[in-house]
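Today I opened the model to follow a few helices and their packing. My notes are below, in the order I looked things up.

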Amino acid sequence: MNIKDKNIKELEALSNEIRKKIINSVAKNGGHLSSTLGAVELIIGMHYVFDKEKDPFIFDVSHQAYAHKMLSDRWDKFDRLRQIDGISGYTRPSESKYDYFSAGHSSTSISVAVGAAKAIKLKKEDRIPVVMIGDGSITAGMAYEALNELGYRKYPVVIILNDNEMSIGKPTGAISKYLTKMKAGKFYQGMKEKFKGFLDNLPQDFKYAAKKFEEMFAINGIFFEEMGLEYIGPIDGNNLEEVIETLKIAKELNKPVVVHAKTIKGKGYKQAEGYFEHWHGVGPFDINTGESLKKSTLNATKVFSNHLQTQAEKNEKIVGVTAAMPSGTGMKELLERWPERFWDVAIAEQHAVTSMAALAKEGFRPFVAIYSTFLQRGFDQIVHDVCIDKYPVIFAIDRAGIVGQDGETHQGLLDIGYLKIIPNITIFAPRCFKTLEYAIDFAIEYTKNATAFRYPRGAFYEVEVEATPFELGKAEILKESNNIMLIGYGNGVGRAWQVAKKLEAEGIEVGVMDLRFIKPLDTQTLKNLKAKKWFVFSDTAKIGGVAESLQAFSNDNSLHKKIISFEIEDKYIPHGETKDIEKMLKIDIDSLVDRVKANL
């Protein structure tokens, strides 16, 4: 869509159309809502001032890029947002040439822009990277690393800081607004350059006082300007005329510029306007009432939250951290109840892990509550800061397995593979809500080294066997068999159990085993299994997964077992409803039954 010939009134009308389409689509399919509604005018301004055909448009996390998708060849496809045959909720170059870079995790955008700027300079091209990053994303260390180099190299890059939580300098009153407008104008920018030249020629004794005088005119942007970047703002990010005027100035400066824009989260949909964490990412909902269309059911995150609260009430040594996901990880209630013992450290997974290592050293029982996909970002800290000295940090890994509509960047399939290679860590998994409570209890009591347990988004598959507490390195035989053993790990136990029920209904006898621990394995129980054929069920990647460990154990002990894995093949898994993705991967119960029978 070409919008460069439209006037302000037409662009404002377009912004209303975009918001309406976003609300209708998210209400139907679920998705990110409040942040993307607030960013509409900023994205229209990007498309109006810059050239999407040549300028890299780079969105941090990219959950706020819905308007960009509509303005770049996907208006008619937007109704299929996040569906298995529709468009992604994030930017994907495989989906459109106008999506410069894949994103889904935060704080990568400025690094991408620096790399793009280097390439543009080497190729001697007339292009300029444009970044949109939220005030939350700029709390992560990677963003600062990129800003540090950008300020030194001085590549032309425009960074739009989308500030919707007032976390950076709150402007107040008419004077602030006047100074902001002045700073966005050519006169101010020109005068600032002249003033800098004037400073260079002053005697040393006068430079400090003159520098302080200059800073009075840039008090909101001292941090960025000290790093060598120009700063403009804060501006009203929902005022199209102001956005366009400011972006034009930023483009003409031909240097690294931060445009600080204040936006209203959820703008255009009253129920979501303001700071409501619930409206960040939502399932299908009724547009008129804002009520969710999905029935509220018990889920693993809620069980984790409730039981950790129960244990924290009894044990003051229990502490915990989350990295900007208090509701998603079930930590919100603990943060509110014990703010001195539970912390949200913002988007800083590396810091979260290392800080908990120190608490473990001091005798506390720290929980790191984090999604599987985000724990990847703290890998080196687990290796270096936690496990070398055997600090008993507890990793509660939420969203393990297929998570559905968030797609490639969020599927929780890699945690077993990257954790089990680390020495001094115990890795296990519950199979149901009650064993999730037992997992918390075991982790609190076990202090010899780090522990990690995983659980799915939503509910577990049902297993009609009474839950028992965890014992270190002990598996559990749920159903005996001399011929075929279905070995499950975590939510895979439920899959195995349901498959066994269907097979037995057809007269096929199978056993079911809950492996429980992947590190250490229950070597004695595994050696005593009479079944020669093992089928492995785990919501993990096949490479580095559970079956791989079992095969190595079988080989090392000359057990001569035939081991067949129903884990996920070596590929990234796209977005879509979880049930649709499971059918596509043939890990739904009916498909698994057919796959077992085909291998008998």
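I started with helix α1 (residues 8-29), which has 22 residues and reaches 31 Å from first C-alpha to last, close to the 32 Å expected at 1.5 Å a residue. That expected span is 1.5 Å times one less than the number of residues. Helices here are DSSP runs (H or I, at least four residues) and strands are E runs of at least two, numbered from the N terminus.

A note on the source: this is a predicted model, where local features need pLDDT of at least 70 and side-chain atom pairs count only at pLDDT 80 or more, while totals for chains, interfaces and linings use all residues. Residues are numbered from 1 along each chain as its sequence is written, and side-chain values use heavy atoms, without hydrogens and water.

Next I checked the ends of α1. At the N-terminal end, N7 is the cap, with a side-chain oxygen 3.2 Å from the backbone nitrogen of K9. After α1 comes G30, with a positive phi near 80°.

What do the buried residues of α1 pack against? I found β1 (31-32), α2 (34-38), α3 (40-49), α4 (66-74), α11 (240-253) and β7 (281-282). Among those buried residues are L11, L14, I18 and I22; buried means under 20% relative accessible area with a 1.4 Å probe, protein chains only.

Last, I looked up V593, which sits in helix α23 (residues 589-598). V593 counts as buried because its relative accessibility is 5%. Beyond neighbours within four places in sequence, V593 is in contact (heavy atoms within 4.5 Å) with V499, K502, L503 and E506.

Conventions
Buried < 20%, exposed > 50% of the residue type's maximum accessible area, 1.4 Å probe, protein only. Polar contact = N/O pair within 3.5 Å; in protein donor to acceptor, adjacent residues only side chain to side chain.
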